[in-house]
Every structure is written in structure tokens, then in C-alpha cells.
Amino acid sequence: MNVVGLSAFFHESACCLLRDGRLVAAAEEERFSRVKHDPRLPVSAFRWCLRRGGIGIMDIDCVAYYESPAKKRERQMWAGVPEGGPTALALDPGGPERAIREGLGFEGPILFFDHHLSHAASAFCFSGFPEAALLTVDGVGEWATTTYGRGDGQGNGSGIELFEEVRFPHSLGLLYSTLTAYLGFEVNDGEYKVMGLAPYGEPRYLDEMRRLVSSGPEGQYRLSLDYFDFLRGRRMYSDALPQLFGQPPRQREAEITQFHQDVARSLQVVLEEILLEKARYLHQRTGLPDLCMAGGVALNVVANGRILREGPFERLFVQPAAGDSGACLGAAALAHSQLTGQRPGGPLPHVYLGPRWPPDEIAGLLAATGIAAQDFREREADLLEAVVDRLAEGKVVGWFHGALEFGPRALGARSLLADPRDPGMRDRLNRLVKKREAFRPFAPSVLAAHAAEHFDLDHPSPFMLETCQVTSPLDLPAITHVDGSARPQTVSPVAAPRYAALIEAFRRRTGCPMLVNTSFNVRGEPIVGSPVDALFSLGSSGIDALVLEDFLIDREAVPANWAELFPAWRERARSGFSRGRSAVSEDLYTFV
Amino acid sequence: MKREPISIWQPAEIDGEPVFVRPDPLPLGDHYAAVKVLRPKKAELPLRVGFFGESVAAGYLYAPHLTPARVLESQLRAAGGDGNFEVVDLARTNETLSSLAETVRTSLQINPDVLVLLIGNNWNLLETPEASPYAPSVEARQRYARALGEEGIAGTVRLAAEELRAKAEAALDFIGLIAGAVQIPVVVVVPEVNLADWEDRQPPVWLPGDGIARWHALYAEATRRLDRQDFDGALVATASMHELDGGRCAATWRLRARCFEGLGDPGQAAGAARSEVDAAAYSTLAFLGAPRATTAAREILLGAARRHGFFPVDLREVFAGHTGSPFPGRRLFLDYCHLTLEGIQVAMAAVAAEVLNLSGMPFSIPALATPAISPEAEATARLGAAVHTAHRLLTVGAKRPILEHWCQAALDASPGIEEAMLDLIEARCAPCPAVLTAAQQRNLASPYRLLLQHGWRWDHLDAELIEALQAVLERRGRPAGERIARLLLAHHAVSMEGTDLTEPPYLWEPLERFYPEVMRFADLSERATFRSPWPESSFCLVCAAGRDVEVEPTLRLPAALPGEGRRGRVRIAVNGEEAGGMDATERWSRSSLLIPTSSLKPGLNRLSLRWPAPEADGRAALQAAVERLELGIAADLHPVFGEVFSLIARLR
């Protein structure tokens, strides 16, 4: 039984393949197209998933889509056609099916599942919990913005029941996005920047925040809609919101002041309060010890940490691709259940579900580039020591190994690594490599066996989805946030053998069982997918060395003119002709 | 008065003097003249000519080594005195009407005395992107549906023509107004295009009844007769094709042009080729053509000249006078519209004569001197012509001769370009973008530096070009075949695991697809499948000697209308020889075919799928397209012969 799950047409489209209920492959389209948050039909991810599964289009039993276009259309029509947005005809509920039939060429059955049901299934079916309370929170799906439910894995089917929902336009996700926009960051991209900014501020605007959102009975809450404008689609907030805070909206790239930090902090505090309160309600309603979460708001790792520490649940599973991309997992799981009566999934040991490149292919690529790379094939220990040499010297290493991660976090397959003890590393990474805002913290990858020695963490956190306090005897300035917290990934040799071996080698050399791990990308770009992407990143950033599977490339080996050549090459690729199956060179197709 | 940027030249000061400065050119070239600083005019002389236009005006493939503006300046100085003329080059590749008008307006800050406009080749989808069944907006699709439903294809042609005329006339009226206000004369150069050596093999839209099957049968007959040099017989076949396609299919016109050429009638050949250019306009067809000025563009330019008193220089007449033929080709054109050195020289001489007349100064026309250009730059431009031709030209007959012509011409200009040719092949064969390759690094350090305009960037294997380069190199005694085979096999040889030949590198003619599948439209998703609008689709199969190859296609024959069936046999050919086939329907089917090593060449092979013609009633198919467009859904107006999900080739 081959079921393909799809998320598409809002942001972060993705595809996965479930074979006989087991997750075989999953990938976001942006990793192929190189268009960040690419919302289009995930054509490349789809083809790759089939290739990974060794099947063709005739072997797919069902395609499962992550939301109900007809219900979504109802909500869109209720809200009215946004000013300057698509006309009513463009909000075509037949669009997704047509895209699947015509764009992917699929002839078989297509099943559609509600957006939040897909989120819930994506968490519960891959949690490994026999039963659990379910909480999904995001901007909006069809009508629901938050759902409460329970999952029971004992019976037939998915065993998921969603018993309550908060409906649009009342939405914690949209609240967070609105403040993200007010603080001068991009909606659907900058929310985690706001979360990172919050610890620098004081909660001076709690009263104002509580005027924006108020908790209601049971699972309900309400937004004061006077402050929001997203219904009309022009912008997220109305004029009343800047008046409430007494400050104009921050312009993109403008200076971040104490005011902005305080607003971010106040927002984070109120979000955590509401989520904690609703988690308690959910626990009271279900009486279950375990909680599964998904939806974009479940990527708020600070709130997740508080729910686990201060909330009533014993265990928390947040689906690692908790945003819309990961909802394709849930849709596929629901389809499998519907077709077979069986609960699919099982615990998710890792998210290395994307493409990988064999070392011999990389050798061919490097030969074509003429780069003098060091070849460590069949010499893994030597490779790791060479990498540790560089990390210990304070260098930033691009680490490309194994299958690409699914979800927004780099977890040791496409990561930038550095020494967390280096006091200058955070600034260096932000300035030269990531080219991003200086305030944003970096996360550590720590050996699971040593995690408790350095963090207030008593359970594995393999997906970097919660924060905790740093308790380490070591000084770890590169990964410790201003409030003393960190967002660790615990690394086990079972899930990530070579990555764990690298950190172990670093521990042996330095006594420090962790590394800075930040996603392997530069500002504005998706995480690298292929070795070619990694070489482009190497050439256009300040990365000191790059590991491509068994090969090590030092910056000195890279042609000096790459930094000069790449921008023109890549900018032109983006100007309407980004990579993909339809790729044709814009430079040739100057319309001259 | 606040100074404004002129195109990409920003207001600045140098030593207290207000000037305009452009950013440094990008390392692989950009779309603008390489002149760093523009200065306001300080004295009456030299007279300043502001030179505007599209890539032809920018000297595409020759720039920055040589540009028409510089040639014009040297001609003006030779005829009218060294210190009396200067030309300011504000031409821009990819120029559009709105930015042209803005550049002309802002250029008044540097006080030109004469304006020269060389425009009209770009007046295609750059100007009328909404006149298309793939238009990005719902409203545009509905407008297109109305035109198609009420008047058929003629309606869509009218729609696009009206939109273009309105836009172009508005821009030219604006230029006329501002030039008139400051009493600057305007010279309008009406472009000529390559008629003899550029072709647009595009299929017809759905035709009533079984018109599609009949048209393609006639096409096959016409090409057979042309191959046998039976020009009269071919002409008869094309007349029947015309009856079916109503004179709106570019390929039919091209066949007729070839017939007339073969019959020794260049006048009729030119007429047919001009009709081909008009028929290939983007707005009516769904394929990426080449930018060339149409009859409508010519009429708009001449009309503006009459209205505003512009001074026209008609390159059609100039070139015909120069060559004695109304059917210009490779002597004057590097590709579809870009000029050779001779073409630039002749065109600019005509412009110079007009400017000299306008200047009121005494002058004497000297014999035309060949513009100075290094052999390396000339060779590089010609190699660029070969690359453009390889990528963009779809011929009704063999393509190799014109490719080999340009490759050979490059070698003739400068034999040292051999290494650049081999570097280009190496970059094409590499499993990464050319910019990452060692070949690129060598080329950058060579005197034959290929810029982006020379087609350096390309994501496909470039099979035809590789074969042409190999042929000319070997004719020169350079045994390139072994090296090329080694490169191909290193990165592209089919393996036991299998290679999907529908992946982009392996498309033999990447442009032999529908426009939105070649170049992304704003709101159209890509397709996961390969769709063929032509009866034959070809793919590159690379293999070593001595092994059989198994080919496993997953394909279908799309029906024109929902719920309709379709059935037929797809034949498979290797290097032109049939090797087998499979039965197919409107639903996916998978089959497998063994190709013995005896049918394969070591290295590059051409694997072709030959599709049965669609048999649906074209009228109903077009009506279905109208209904989709009315709903705001993009629609194909052309039949799809076949669709491939995957074409796996693996060693046996």
C-alpha cells in the first residue's frame, strides 16, 4: 500500500510516501526549488519520494491532501475576497485536485482531510504513544485555528477524535504573525525571530496584549478584531494596534529597540499563558498523561518547554515538521487508516527522510569543480579528527552527511557546526555565515548521554523542539541565550551515528560534548539540499570548511572568484526561472 | 532640479562635477553598456547622439568588446570630423517599452542632440504577457477566452496586436512629445530579422475534425519531398497545410520559405519567412519563440515616424540594398536578430548617414571601414551564435549544418578557441552548474571568455552542440571524440540502477515543450511529467560500448476531452532507427524494451518516442479550452501527442 501525502498552495509545500504504513520518504519542495517556503505543487519532492521508494506513478494507491479545499473556500468566501488579492474564481476549490491530476499526472483516488486533523494525525501517528491528548495550533486551516482531541491507538483506524475547536478569525497563530509584522519581520517566516527576541525584553505590555487576546471558557479564546486587519487582507494589523502600543510599526531592517524587545517578550508571555491554560484544560478533559502537538505554533519551542515543565502532561511529542509541510504526514496516515483500518506510523526515530548522495557521486562532482578536496572514503575516523581539528581552531564547518532532514530544523545532516565555547562564535556566525540578525541565538547538538550534565533536561530532545536552562559547568556563550536558556538537540548514535561520532570526537579532544548546530543556509535561502547547494553556500558565505560526505574542503581550496561569480548567477536563476524540472537558463532566454 | 537616475546610472559627483555612474559590470556580464560614467554635455561640440534600444542595439554576443554605439561613433567621426560627434550608449538587453521611455526621458539630463532608437524585436510577451492562455491573471484568461470563443485564433491574435499597438504607440508618443518639447530629432531604426537561417518549427493549434492528423501527415510529406529536393511537390503539400491551419502556423510558412528558396525565388521565400515570424508570435502560440520584429512592429514604428516626424532608417531596405537579396541570413545575423560584425557595420552606416544629414554639418562618406575587433572576440561571438542556435532553433530539417557553420566560423576567426569549445563541452557534461566547474575557471582566464550572453548557463546536456563541436574539431585534426566520450560517460552513463531520461539534462530539444513547462509562469505549477506537443520526442542516452540497455517508459496518450479514450502504438527509435514499440492508452502504462548494444553508439545516443497523432475533433478540444479559460483556468490550445512520467534506461 503506497500512499503519497501532500501539503501545498499556502506555504512550505511538501510530499511524503508511506509504504504499508511506514514512512519511507518526506521532503519539502523548497529544498529542491531553492525558493524559500515554496508553496507550489511539490513536483520535485513528489518525484523524489517515488524514486526513493523505488516506485512509479502507477504504483501509488492513493494521494492524500492535507486540507479540505471546499471547506477552506467557505471560510475564504466568508472572510471576503481580500483587497488586491485573487478574485473569487481564483479561490477555486477544484484547484488542488486539478493540480494533482494534471500537474502530477495522478490517475487514482485522492482523499482530502481537514487541515487540523492532518496536523493532529501527523503528531499522534508518529509519536509512538498508545494514546494521547492532541493539541493543534496554527494560523488557520479551513475554519479551525486550534483543535483539541484525543488519539487512541488501540482500536481500528487512526483513532483520532477532535472534540473542540477554536474557529477563525480567532487564532493564536494569526496573533503571533500580526505582532511579527508589527515588529518588522516577515509573516510566516519571522515568527521565530520574535521568539528569539523575546528574552531580551521585559513583559511591559501584558495589559496591551491581553486587550488583543482574551481567554474564554474551555478551549476557547478570542481576538479583539478591532486591532487586526487580516480579514481584509491588506495587512495583518489595523491602525488601532500601533495606537494601542503607542509606537509606529517597525520598518524592515530598522533598528531593534528596547520597545520591540518588550513587545516580543509580552507576546511570548501571553502566548505561553494561554497555551498552558489550554493544555491544562485538555489534560482535564482527556485525563491522558501524554500530549501530542502540531501546527505552526507548536514550533514555539519556548512555549513547548513551559508546557512540559509546568503543565500537567508527563510526556510531550511535537511533530518535528509541525508547520504545514509536516501536515502531509498526517494526511497520508489518515488515508492509510481509511484504506486499511490500521494505524500507521509508529515512533519517529529521526527525520532523515530526504535525498542523500553517495560518496562516489560527490567524488564525480568535485572532480568536475577541480577543487582539491581531501578524500576520506573508508577513513571515517580520520575525517572526524580532521573536522575536530578545524572546529577546535574556531572554524565554522558546513556538515553535509546522509539524508536531508524533513522539517525546519537542521539536525546534523545539513548543519553548520562550530565550537560552542568560543565567545566570538555567535557574532561570527551571524555576521559572516548566516548573515542574519545579531540577536538570534544558536542551538547546541549534545550527545544524549551527556545532555543532563549540561542542561536542565531529563529526557531526549532529538528534534530541537523545546528549550531548557543551561546548567553546564562549561562556559557556552555561543549557545546560551540571554535568559540562560538553550534549545538543545540530543544526539544518539542510533539515530545519527556519524554525527554522534563527530561530537564524541570533539568531546574527547576538548571535554565539551556538544557543538553549535545551526541550519546550513545563508539568509533568505532554504537549508541546502544537494552537494551543489552546499558548494554555492560555501562560495558565498564565510564558512571555513565543508564536509561533503567523505570529502573535506577547506576554504583555501575554493576558487577566490566564486563569491563574485555566484550572486549574478543565482540572482538570475531566481528572477522567474528558478531551478526545477522546467529550468531553462534565463541568461540565454534574455528576450533580447 | 533634483537629478534622477538614467537607467542604472545613478547621480553622483566626481571632482565636484555632477555625473551619473553605473555599478561595475557583473563578472559574467550584464545587460547594459560598460561605460562607467555619463557626464552632462559641456560644449556645443561634439554633437551628442543618445543611442537606445534592445539587445541588437547593445551588441549582444559582441559586447563589451564591440557595440553598435561605438561603431556608429567611429563612423560619424570618420565622416564628420573627429571632434564633432559622440555616441552615448544607453541600449539595454531585455529592454521594454516602459523602461525605454523612462530612459529616454531621464537622458535629457545629459543633453543629447539626437536620439537614435533601435527597437521592436522585443515586442512579444515582454509587452503583452496577459495575451496568453497561460496568463497569470484570471481576468486575462477570461478575456482570452472571449476572444478565442468569439473569433477563434484570429481573435487572440487581434487581442495581442491591439494591446501591443496601444502600449507601443503610447511609449512612442511619449518619446515624440518630450523630444519635440526640446526639439531633438529622433531617428527610428526599423529592425530587420534573420529570415534565411532562423526557423520556428511550431505545431498548429487544434484544428477542426481530424485536421491535426492530416496536418502532420502533410508535414511529413512536405519534409520528405524537401529532402528529395522536390520543391514543387513540397509546395503543394504546404498549400494543403495552409488550408488546414489558416495560415496561422509558423512551421507551414517555414516549409514554404524553404520551397521558394529551393525554387530560386528569394522574394517569395522572404515573404513566407516574414509570415512565419508573424505566426510565431507568443500570443497565439504556446511555445518559446525567438525575439524578432514582426510586421506589426514595423508598422507601428513607421506609423510613429509619420506622426511625430521621426527619421526612419529601414534596415530591411538597407540590408537588401547591401546584399542584393531580400532574404537575409547568416551573413548579417548571428542568430534570430542579433547582427554580425558586417550587419552592425552596414546598419550603423545607414544610421550615421541619417545623423550626419540631421547635424547640418559638412561631411564626406568614406568607404566603410571594418570595425576593429580582436579575432578572439569575433570567435567568441560566433561560438555564442552556435550556442544560441543550438538552444533556441527548432528546424523543419536538419539542424546540424547551421550549428557546424557557426562552430567552424568561430575556429576560422581564431583557431585558439578550440580550448574554449572543449571547456564548454566539459561544463555541459559536468554534474553541476557550469559556474562551479574547473572548465569555467579556465575559460575565465582565457581570451575567449564566455559570458552569460553566450549561453554559458544551461541545465541540459546540449547534445546537438556537443556533436557539432566534435565534428568541426575532428575535421581540424583535433581528436576530441575520445575526451568527449570520457566526459559523458563519467557523469551520465546509464547504470544498473537506471537513469530517468525525462530529467532536464537529458532532453534532446528542451524547447520542444509547451511554454509554461519551459519557463515558469507566475502562478502555474511545474508538471511532474514530460508532455510532447510534437509527434516525436527525443532524449539523450549515454552509454558505454558492449552492454545492452533496457528502456522502461511509463507513458500515456492524453485525451483531448475529459472522459474520452485514446489508444495507439508508441514507437521507439534509437539514433533514427526503430527499435520497438508499446501499446498505449489515455491511462499510464509501463513497458520495457531491450536495446541491443549493436544499436547503440558508445557515448551519446538519441532515443526517440514516436507518438500517434491525436484523433479528437479539434473544434471540441478548442471549445473545451475556451470553457477552462472562462473559469480562469489555464488551457492548452495545442494537442498533446504523448506524456511521459518516466523513461528509465538501465544497463542489462
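What is the volume of the largest cavity? The largest cavity comes to about 140 Å³, and a search of the whole structure turns up 9 cavities of 30 Å³ or more. This is a predicted model, in which local features need pLDDT of at least 70, side-chain atom pairs count only at pLDDT 80 or more, and totals for chains, interfaces and linings use all residues. Residues are numbered from 1 along each chain as its sequence is written, chains are lettered from A and ligands numbered from 1 in the order in which they are written, and side-chain values use heavy atoms, with hydrogens and water left out.

**The largest cavity**

- A cavity here is a set of points on a 1 Å grid over the protein atoms alone where a 1.4 Å probe fits but cannot get out, and lining residues have an atom within 4 Å of a point.
- Of the 16 residues that line the largest cavity, Arg201(B), Gln202(B), Phe287(B), Leu394(B) and Leu511(B) are the closest to its centre.
- The lining of the largest cavity divides into 9 nonpolar, 2 polar and 5 charged residues (Ala, Val, Leu, Ile, Met, Phe, Trp, Tyr, Cys and Pro count as nonpolar, Asp, Glu, Lys and Arg as charged, and the others, Gly among them, as polar).

**Helix packing in chain B**

- Helix 7 of chain B and helix 8 (residues 250-262) of chain B pack at about 155° with their axes 9 Å apart (axes are lines fitted to C-alpha atoms, for helices over the stretch in contact, and angles run from 0 to 180 degrees between N-to-C directions).
- Helix 7 of chain B and helix 8 of chain B are therefore roughly antiparallel (over 145 degrees; under 35 is roughly parallel, 65 to 115 roughly perpendicular and the rest oblique).
- The crossing of helix 7 of chain B and helix 8 of chain B is left-handed (the near helix is turned anticlockwise from the far one by less than a right angle; clockwise is right-handed).
- The contact of helix 7 of chain B with helix 8 of chain B divides into 9 nonpolar, 4 polar and 3 charged residues (contact means heavy atoms within 4.5 Å).
- The axes of helix 2 of chain B and helix 12 (residues 341-359) of chain B come within 9 Å and cross at roughly 50°, which makes helix 2 of chain B oblique to helix 12 of chain B.
- Helix 2 of chain B passes helix 12 of chain B in a right-handed crossing, and the residues of their contact divide into 12 nonpolar, 3 polar and no charged.

**Helix packing in chain A**

- Helix 13 (residues 359-369) of chain A and helix 18 (residues 531-539) of chain A have axes that come within 11 Å and cross at roughly 40°, so helix 13 of chain A is oblique to helix 18 of chain A.
- Ile362(A), Leu365(A) and Thr369(A) of helix 13 of chain A make the contact with Pro531(A), Val532(A) and Leu535(A) of helix 18 of chain A.

**Backbone features in loops**

- Most residues other than glycine have a negative phi, and most peptide bonds are trans.
- A cis peptide bond joins Leu45(B) and Pro46(B), with omega about 0°, and Pro46(B) lies in the loop between strand 3 (37-38) and strand 4 (47-53) of chain B (helices, H or I of at least four residues, and strands, E of at least two, are DSSP runs numbered from the N terminus).
- Ala63(B) to Pro64(B) is also a cis peptide bond, with omega near 5°.
- Glu12(A) has a positive phi, near 55°, and belongs to the loop between strand 1 (2-7) and strand 2 (14-19) of chain A.

Note on methods: 1 Å grid on protein atoms, 1.4 Å probe; cavity = no way out; pocket = protein on both sides within 12 Å on 5 of 7 lines; lining within 4 Å. Points joined across faces, edges and corners; volume = space filled by probe spheres on them.
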